[in-house]
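Please prepare a briefing on the structure below, grouped by topic.

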Amino acid sequence: MIDTSIEQYIAADTEATEAFGRLLAESASAGAFIFLHGDLGMGKTTLCRGVLQALGHKGAVKSPTYTLVEPYELATQQVYHFDLYRLGDPEELEFLGIRDYLGAEALCLIEWPEKGRGWLPTADLEITLSPYAEGRLIKWSKNTQKGCMIADRISNKLNG
């Protein structure tokens, strides 16, 4: 049985959001599907930047709002950063070749996953960012055994 409890972290600023992304990179495994929820400007791409930099990416990290997906071939693994905000219909994911991306043993970070409902697999971990004082409240819940392992690693690093 999956523990469906929700855990949280308060990120005081952009640097703390990136730091949580680095923690996520250290905790996630290849083949993980991570959904990122939150309104515009909540820090989803900032969190992704922290993940990618922790995995060795040296360049800029922009939200792939117009391209829908940005692939990153890194030394340790492949990462696909999706931003589905401009997706008009979930069926458009078929034309994007979503099955090719999802079939790979890559870490998938998916912003605005609700736009792809019905075409995306179950997320291992779902992360929601919302305003909190001057920073962000980052909450995460797990949906699979892999998600539980990732969440446990995050908790151990935060509390250890």
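**Charge over a ring**

Lys-115 lies over the face of Tyr-85, at 5.4 Å from the ring centre; a charge sits over a ring if NZ of Lys or CZ of Arg is within 6 Å of the ring centre and within 35 degrees of the ring normal. This is a predicted model, in which local features need pLDDT of at least 70 and side-chain atom pairs count only at pLDDT 80 or more, while totals for chains, interfaces and linings use all residues. Residues are numbered from 1 along each chain as its sequence is written, and side-chain values use heavy atoms, with hydrogens and water left out.

**Sheet**

- An open sheet is formed by 7 strands in the order 1-7-6-2-5-4-3, with mixed pairing; strands (E, at least two residues) and helices (H or I, at least four) are DSSP runs numbered from the N terminus, and two strands pair if DSSP finds at least two bridges between them.
- Strand 1 (6–11) and strand 3 are the edge strands, each pairing on one side only.
- From one strand to the next, the twist averages 20°.
- Strand 3 (residues 69–73) pairs with strand 4 (residues 78–83) in the antiparallel sense over 5 bridges, and a hairpin of 4 residues joins strand 3 to strand 4.
- Within this pairing, Glu-73 stands opposite Gln-78 in strand 4.
- Strand 2 (residues 33–37) and strand 6 (residues 125–132) run parallel and are joined by 4 bridges; His-37 has Thr-128 in strand 6 as its bridge partner.

**Helix packing**

- The axes of helix 1 and helix 2 (residues 44–54) come within 7 Å and cross at roughly 50°; axes are lines fitted to C-alpha atoms, for helices over the stretch in contact, and angles run from 0 to 180 degrees between N-to-C directions.
- That angle makes helix 1 oblique to helix 2 (under 35 degrees counts as roughly parallel, over 145 as roughly antiparallel, 65 to 115 as roughly perpendicular and the rest as oblique).
- Helix 1 passes helix 2 in a right-handed crossing; a crossing is right-handed if the near helix is turned clockwise from the far one by less than a right angle, and left-handed if anticlockwise.
- The axes of helix 1 and helix 5 (residues 145–159) come within 9 Å and cross at roughly 125°, and the two helices are therefore oblique to each other.
- The crossing of helix 1 past helix 5 is right-handed.

**Aromatic pairs**

- The whole structure holds 6 aromatic pairs; rings of Phe, Tyr and Trp (its six-membered ring) pair if their centres lie within 6.5 Å, and planes under 30 degrees apart count as stacked, over 60 as edge-to-face and the rest as tilted.
- Phe-20 and Trp-140 have ring centres 5.1 Å apart and planes at 45°, so the pair is tilted.
- Phe-20 lies in helix 1 (residues 14–27) and Trp-140 in strand 7 (residues 135–142), so the pair ties together parts that are 120 residues apart in sequence.

**Burial and loops**

- Phe-20 and Trp-140 are both buried (buried means under 20% relative accessible area, exposed over 50%, partly exposed in between, with a 1.4 Å probe and protein chains only).
- Helix 2 is mostly covered, with 8 of its 11 residues buried; among them are Lys-44, Cys-48 and Leu-52.
- Just after helix 2, Gly-56 takes a positive phi of about 110°.
- Ala-32, in the loop between helix 1 and strand 2, is buried, with a relative accessible area of 0%.
- The C-alpha atoms of Ala-32 and Lys-115 are separated by 19 Å, and the two residues are 83 residues apart along the chain.
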